[in-house]
Amino acid sequence: MIIGVGIDVAEIERFEASLARTPGMAERLFCDRELLLPSGERRGVASLAARFAAKEALAKALGAPAGLRWTDAEVCVEESGQPRLRVTGTVAARAAEMGVRSWHVSLSHDAGVASAVVIAEG
Ligand SMILES: CC(C)(COP(=O)(O)OP(=O)(O)OC[C@H]1O[C@@H](n2cnc3c(N)ncnc32)[C@H](O)[C@@H]1OP(=O)(O)O)[C@@H](O)C(=O)NCCC(=O)NCCS
């Protein structure tokens, strides 16, 4: 059963400018594995903007309660390239209250915009 759905978009250039002018923002929003590729290089800004959109979409799917920690939701990547959501802490607690047992996420970035859709399933 679908318990919640969320969608979000982020303008990539504006997101990049926010990251550049706000010290510590990247670390507040993202886990190490989101910031760095397996090669050790930093993940591209379009992919980061899509991950930000995924966290906003996830928050919407949960009714956007106060107190969710950005790094308690992580976008992991399967070998195939498919993204998956892993939740812990504040996000896992809210999801458990609502009866969410699994997550579905899809990301896209093109034409200067990054977007994500999240479905919470019970
Ligand atoms: C509520 C919130 C998601 C709105 O996001 P935003 O980027 O400011 O605005 P957007 O344009 O993307 O979305 C606006 C839409 O969000 C929806 N929205 C508002 N409150 C909502 C809620 N509590 N639950 C779900 N959707 C909500 C509305 O449909 C709104 O559209 P409307 O104003 O036309 O009705 C945002 O303010 C927020 O609380 N973000 C969560 C931050 C967070 O918890 N981060 C950690 C995540 S791990």
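**Pocket, sheet and helices of a predicted model**

The lining of the largest pocket consists of six nonpolar, no polar and four charged residues. The model described here is predicted.

Q: Which strand gives the most residues to the lining of the largest pocket?
A: The largest pocket holds about 210 Å³ of space. Its lining comprises R33, L36, L37, P38, R43, E74, V75, C76, V77 and R86. Strand β2 covers residues 73-77. With four residues, the greatest contribution to this lining comes from β2.

Q: Which residue of β3 is the bridge partner of E74?
A: Strand β2 is joined to β3 (residues 83-87) by five bridges, and the two strands run antiparallel. Both E74 and R86 are among the residues that line the largest pocket. In the pairing with β3, the bridge partner of E74 is R86.

Q: Which residue takes a positive phi in the hairpin of β2 and β3?
A: The hairpin has five residues between its strands. The positive phi found there is near 105 degrees, and it belongs to G81.

Q: Why is one side of β1 and of β4 left without a neighbour in the sheet?
A: The open sheet contains three strands in the order β1-β5-β4, and their pairing is antiparallel. Strands β1 (2-11) and β4 (102-110) stand at the edges. One side of each is therefore without a neighbour, because each has a single partner strand.

Q: Which residue of β5 is the bridge partner of I7?
A: Strand β1 runs antiparallel to β5 (residues 113-121), and nine bridges join the two. Within β5, I7 has as its bridge partner V117.

Q: What angle does the direction of α4 make with that of β5?
A: Helix α4 (residues 45-61) packs on the sheet, where it touches β1, β4 and β5. Relative to the direction of β5, the direction of α4 makes an angle of about 35 degrees.

Q: Are α1 and α4 roughly parallel or roughly perpendicular to each other?
A: Two packed helices are described by the angle and the distance between their axes. The axes of α1 (residues 12-21) and α4 come within 9 Å and cross at roughly 90 degrees. Angles of 65 to 115 degrees count as roughly perpendicular. The two helices, α1 and α4, are therefore roughly perpendicular.

Key:
Residues numbered from 1 in each chain as written. Predicted model: local features only at pLDDT ≥ 70, side-chain atom pairs only at ≥ 80, totals over all residues. Heavy atoms only, no water. Pairing = 2+ DSSP bridges. Contact = heavy atoms within 4.5 Å. Axes fitted to C-alpha atoms, helices over the stretch in contact; angles between N-to-C directions. 1 Å grid on protein atoms, 1.4 Å probe; cavity = no way out; pocket = protein on both sides within 12 Å on 5 of 7 lines; lining within 4 Å. Points joined across faces, edges and corners; volume = space filled by probe spheres on them. Nonpolar A, V, L, I, M, F, W, Y, C, P; charged D, E, K, R; others polar. Parallel < 35°, antiparallel > 145°, perpendicular 65-115°, else oblique.
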